[in-house]
Structures are given as structure tokens and as C-alpha cells.
Amino acid sequence: MMRLLAFEIQNTNLFGDKLHIDLFAMDKVSHLITDNDNIERAFKIKGTTSIYTQNLIAFIGLNATGKTTILEVIQMLLGIISHNARLNDFNIKSILHKIIGNLGDTNNPATFIVWFALDNQIFELTSRIIKKCNTYNEDIFIYEDETIKVQSIAKLNKKYIFNFDKAIKVMQRNDYINNDTFLLEDISIISMYKNKEIKIMSSFEKYNTARLIQPIIPDVSIIQCFDSAIRNIEQSSSNDKYILQFKKENSEYNLSYNELESILSAGTVKALHFFPAIQSVLKTGGYILFDEIENHINKKLVEWILSLFENRDFNPHGACLIFSTHYPELLDTFVRKDNIYITRKDVDGTLEAVKYSDEIKRNELLKSNVILGNLIKGTVPKYASMKAAEKALMGTIK
């Protein structure tokens with residue numbers, strides 16, 4: 001199983017000089033049952049002495065500070081590493097346009113660095129990406145240059161996880177091209193390395209709202225958490241209809257998906273879609289991404305979902321749930337503080353993400369109080385902006 005450890009984006013229009021996100025645990029991970037701070041809140045990578053990946057990672061911040069975009073970047077990087085996704089695939093190209101903007105020429109390439117672990121080795125993949133026009137005068141993205149560095153993971157201290165001065169193997173993109181190997185200019189060099197030596201496996205999903213596709217129905221006991229009035233729900237034998245029964249009625253409904261969606265609540269419909277993915281990722285390990293996880297879902301149910309990923313019984317393979325939220329109260333259930341990022345906008349308009357644990361050292365403080373109290377600057381709307389909006393609104397009313 002591939003473990004994404006960290007990534008860094010340099011020289012982009014949206015994130016300025018650098019955006020760095022860690023997906024591994026920098027704070028301590030205790031093995032003592034008496035230590036309630038971090039016991040079983042991270043997953044130890046096989047073959048290491050001290051490197052643990054996070055089971056939960058949260059992004060919180062004001063509107064238009066980059067939460068959704070960072071999730072999209074993570075999805076993009078997982079796609080490139082795990083599934084040989086091309087830079088000019090529609091979804092990836094739109095993300096690159098958003099973050100690179102008017103930069104990305106040959107003299108000013110955007111740089112993506114990804115660190116990940118696999119098969120007792122750590123990889124550092126550095127990709128320099130530029131934008132150019134094709135023969136149809138369309139903007140396309142290509143790799144100007146790439147480098148893979150590899151080192152052994154054994155006995156590696158997490159403080160030196162980014163030190164590849166003594167890499168056991170170094171490969172350049174030009175090495176493959178010069179050997180007459182066919183490599184499209186928008187496919188990463190990692191695809192060539194994987195095909196020859198390794199296979200990377202990862203599961204990931206991203207849910208903003210319920211998707212207009214026919215869902216696979218999870219066990220009814222799960223759906224009853226979201227709607228206790230349901231007795232049973234299942235797909236018909238032909239898989240084109242859904243059979244729905246309510247506890248207070250003896251009759252059953254034979255419904256199309258659109259009809260089912262019109263009867264059930266938005267939260268229940270959302271659960272029909274995302275819970276099979278949660279079950280899959282908990283079973284195999286990997287990544288699942290949620291944008292605004294609290295949408296249409298009761299707070300207690302969100303906390304329950306988060307707790308599944310922190311529990312070794314339900315999450316034996318170290319699956320990671322990465323999500324964004326507008327509600328800091330959800331973070332009060334977090335016992336760790338190195339897996340929370342605050343997104344905010346600088347005065348020059350670029351976006352940044354700061355780690356909660358870098359800003360706040362005390363663990364006993366309620367995280368919601370820290371964020372709502374603006375103890376980390378830029379976590380609440382500006383008072384002057386809201387008063388100006390009230391003044392404008394009052395003028396409109398009068």
C-alpha cells in the first residue's frame with residue numbers, strides 16, 4: 001500500500017512561493033494506554049521505527065481560502081501517482097489552471113514535490129510543469145523535467161524524512177526519453193518506474209454533494225442512522241429500481257433513483273453514496289476526501305464517522321479521511337493537533353495553510369475556542385467587513 005507522506009507546491013499563482021502539507025504525524029504517537037493524548041490516533045508504516053501516517057486530516061478556514069482547492073490538489077496527486085493520470089485530463093487540467101494561473105512558462109515553471117512510502121522505501125518525486133499552446137492554440141500542461149529519488153525507510157527518523165542527500169537511487173525524466181522509451185509529455189515518470197518495478201495501490205473518493213448515479217446500498221442498519229423511519233431499502237433484482245419500506249407502513253415502494261431521491265432526505269441520499277466508499281477504504285486502506293463534510297449530516301453522525309477512522313478495529317489498514325469543514329466544533333473531538341490545517345488568505349491575495357500544532361502548543365485548549373477566538377489570526381471574518389455589510393443592507397432596506 002502506498003502512503004502519501006507530504007507534498008509541496010512551489011511557484012504558483014494561487015499559493016505563491018510555497019504550500020507545504022504533511023500527511024504524517026510530527027507530534028508524538030504514544031503506545032501507552034494511560035496516555036490519552038494520542039493513543040492509536042495514527043498508523044505506523046511497516047518497516048519504520050517512528051513514521052506514522054494520519055488517520056484524519058482536517059482543513060478549516062474562511063470562505064475562499066483554498067480548502068476545496070487543496071483537496072482537489074491531493075486528489076490530483078493521488079491520481080498521478082496511483083493511476084497514471086495525465087496533466088491534461090479534464091479534471092486535472094482545470095485544477096492546474098486554477099492554481100498556476102498566468103505563471104508556468106518555460107522560465108517560470110510550477111514545481112510539485114511529493115513524498116510517499118512504498119515497499120520499505122521512501123520516494124521523492126519532483127515535477128516541474130509548464131504551460132504551452134498546442135497546434136489548436138489551446139493551453140496544455142506538460143512536464144518540463146522530473147526527478148525521482150529513493151531511499152530506504154528502515155530506521156529513518158521522521159525529522160529527516162525530507163533528506164535525500166544519500167539517496168540510493170536517482171532517476172531523471174530525460175533518462176527514459178534518451179533510451180527511446182515512449183513517454184507522453186503529460187504523463188509522469190512515475191508511471192514508467194511503476195510499470196517496471198512496483199505497483200502502487202490506493203483508493204480515494206471526493207464527495208461535495210450526492211452524485212447523480214445509482215448508489216450501491218449499504219446495510220440498512222447504516223441507513224437507519226440517517227433515517228430511523230426506514231425499515232428496509234434494497235435494489236431490485238434488475239438493479240434499475242429501489243425497494244423502500246418504512247416501519248409504520250406495510251406496503252413497499254418500487255422507485256427509480258430520481259423518485260428515491262425525492263422521498264429521502266438530502267443527508268440520507270448522501271449516505272447512500274458515500275458509505276459504500278467508506279466501507280471500501282476502511283477494508284483496504286487508502287484515502288477518502290470530503291469537501292464540507294458537515295453538509296446535510298447531523299454533527300453527531302459526522303463525529304461518529306470520524307471516530308471510525310481513529311479506531312483500529314474499524315480501520316486496521318490505516319485508511320485516511322481528509323476533509324474540509326466550516327465548523328470548528330467538529331475539531332474538538334480531535335486528540336491530535338498536528339493533523340489540522342488552517343487556511344487563510346494573505347494581503348497579496350495568495351492562499352496559505354498553517355498547521356494548528358505550529359501555532360498552538362497547548363493541547364488542553366478547546367480547538368473551537370482557539371479558532372473562533374481568532375487566536376490563530378485569520379480564522380474569523382473581519383468585524384469591519386460585517387459592519388460595512390450591515391450598513392449597506394440597512395440602506396437597501398430603508
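Mentor: This is a predicted model. Start with the lining of the largest cavity: α1 supplies the largest share, four residues.

Trainee: Which other elements give two or more residues to that lining?

Mentor: Besides α1 (67-83), the elements that do so are β6, β7 and β8. Among the lining residues are M76, L77, I80 and I81, and also F112, V114, L125, Y143 and E146.

Trainee: How is such a space found, and how many cavities of 30 Å³ or more are there?

Mentor: Rolling a probe the size of a water molecule over the atoms shows where empty space is left. Here the count comes to two cavities of 30 Å³ or more, and the largest cavity has a volume of about 80 Å³.

Trainee: How do I read the strands, and how many bridges join β6 to β7?

Mentor: In a regular strand the side chains alternate between the two faces of the sheet. In this model, β6 (residues 110-118) and β7 (residues 121-133) run antiparallel and are joined by nine bridges. V114 has L125 of β7 as its bridge partner, and both V114 and L125 line the largest cavity.

Trainee: What lies between β6 and β7?

Mentor: Two residues separate them in a hairpin, and D119 in the turn has a positive phi of about 50 degrees.

Trainee: How many bridges join β7 to β8?

Mentor: There are 13 bridges between β7 and β8 (residues 139-152), and these strands also run antiparallel. T126 stands opposite T147 in β8. The hairpin of β7 and β8 has five residues between the strands, with N137 in the turn at a positive phi of about 60 degrees.

Trainee: Which residue is the bridge partner of E8 in β2?

Mentor: H20 is the partner of E8. The strands concerned, β1 (residues 3-12) and β2 (residues 16-22), pair in the antiparallel sense over six bridges, and their hairpin has three residues between them.

Trainee: Now a helix. Why does the end-to-end distance of α8 agree with its length?

Mentor: At 1.5 Å a residue, the twelve residues of α8 (residues 299-310) should span 16 Å, and the end C-alpha atoms are 17 Å apart, which agrees. At the start of α8, a side-chain oxygen of N298 comes within 2.8 Å of the backbone nitrogen of K300.

Trainee: Which residues of α8 are buried?

Mentor: An α-helix has 3.6 residues a turn, so residues three or four places apart point the same way. The buried residues of α8 are L301, V302, E303, I305, L306, L308, F309 and E310. They pack against β5 (56-61), α5 (220-226), α7 (266-284), β14 (287-290) and β15.

Trainee: Loops next. Is R336 buried or exposed?

Mentor: R336 counts as buried because its relative accessibility is 1%, and the cut-off is under 20%. R336 lies in the loop between β15 (320-325) and β16 (340-345). The side chain of R336 makes a polar contact of 2.8 Å with the side chain of D338, and a polar atom of the R336 side chain lies 3.2 Å from the backbone oxygen of D27.

Trainee: Where is N163 found?

Mentor: N163 is in the loop between β8 and β9 (169-172). With a relative accessible area of 34%, N163 is partly exposed. A polar atom of the N163 side chain lies 3.1 Å from the backbone nitrogen of D165. The C-alpha atoms of N163 and Q151 are 9.3 Å apart, with the two residues twelve apart along the chain.

Terms used:
Residues are numbered from 1 along each chain as its sequence is written. This is a predicted model: local features need pLDDT of at least 70, side-chain atom pairs count only at pLDDT 80 or more; totals for chains, interfaces and linings use all residues. Side-chain values use heavy atoms; hydrogens and water are left out. Buried means under 20% relative accessible area, exposed over 50%, partly exposed in between (1.4 Å probe, protein chains only). A polar contact is a pair of N or O atoms within 3.5 Å; within protein, one must be able to donate a hydrogen and the other to accept it, and residues adjacent in sequence count only if both atoms are side-chain atoms. The expected span of a helix is 1.5 Å times one less than its number of residues. Contact means heavy atoms within 4.5 Å. Two strands pair if DSSP finds at least two bridges between them. On a 1 Å grid over the protein atoms alone, a cavity is a set of points where a 1.4 Å probe fits but cannot get out, and a pocket is an open set with protein on both sides within 12 Å along at least five of seven lines; lining residues have an atom within 4 Å of a point. Grid points are joined across faces, edges and corners, and a volume is the space filled by probe spheres set on the points.
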